[in-house]
Amino acid sequence: MTTKLIRLKPWSPLFLPYGAYDFDGRYSGTDIYPLKDMGIPTAELVPDSQRYFDIHHTEEDTFEKVNRRELLLGSTIMTQMIYMIDKNW
């Protein structure tokens, strides 16, 4: 576990209720895995698979099919993480 990741780990309980939980550095998703290889801390956001993975990365995966609630939750989580890193790093 990198020093940066160790500094983020205490924040994990703040994000757990929103589905961002993997602060252990094991996996962060295929799309951002190259960041992990560069030593950049990552976290995994796990959307509701009942609505997400049927069309994820298929031709049907278009913006108008995004679940608005989950888009807002994900963007809120990312905004909060960026804010906390900016104010506490």
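**Exercise 1.** Which residue forms a salt bridge with E60, and how far apart are the closest N and O atoms?

*Solution.* The model is predicted: local features need pLDDT of at least 70, side-chain atom pairs count only at pLDDT 80 or more, and totals for chains, interfaces and linings use all residues. Residues are numbered from 1 along each chain as its sequence is written, and side-chain values use heavy atoms, without hydrogens and water.

Step 1. A salt bridge is a side-chain nitrogen of Lys or Arg within 4 Å of a carboxyl oxygen of Asp or Glu.
Step 2. The partner of E60 is K65, with the closest N and O atoms 2.8 Å apart.
Step 3. A search of the whole structure finds one salt bridge.

**Exercise 2.** Is E60 buried, exposed or partly exposed?

*Solution.* Step 1. Buried means under 20% relative accessible area, exposed over 50%, and partly exposed in between (1.4 Å probe, protein chains only).
Step 1. E60 counts as partly exposed because its relative accessibility is 45%.
Step 2. K65, at 42%, also counts as partly exposed.

**Exercise 3.** Which residues make up the largest nonpolar core?

*Solution.* Step 1. Such a core is a set of buried Ala, Val, Leu, Ile, Met, Phe, Trp, Tyr and Cys residues joined through side-chain atoms within 4.5 Å.
Step 1. The nine residues are L5, L8, W11, F15, A20, F23, I77, M81 and M84.
Step 2. Helix 5 gives the most, with three residues.

Note on methods:
Helices (H or I, at least four residues) and strands (E, at least two) are DSSP runs, numbered from the N terminus.
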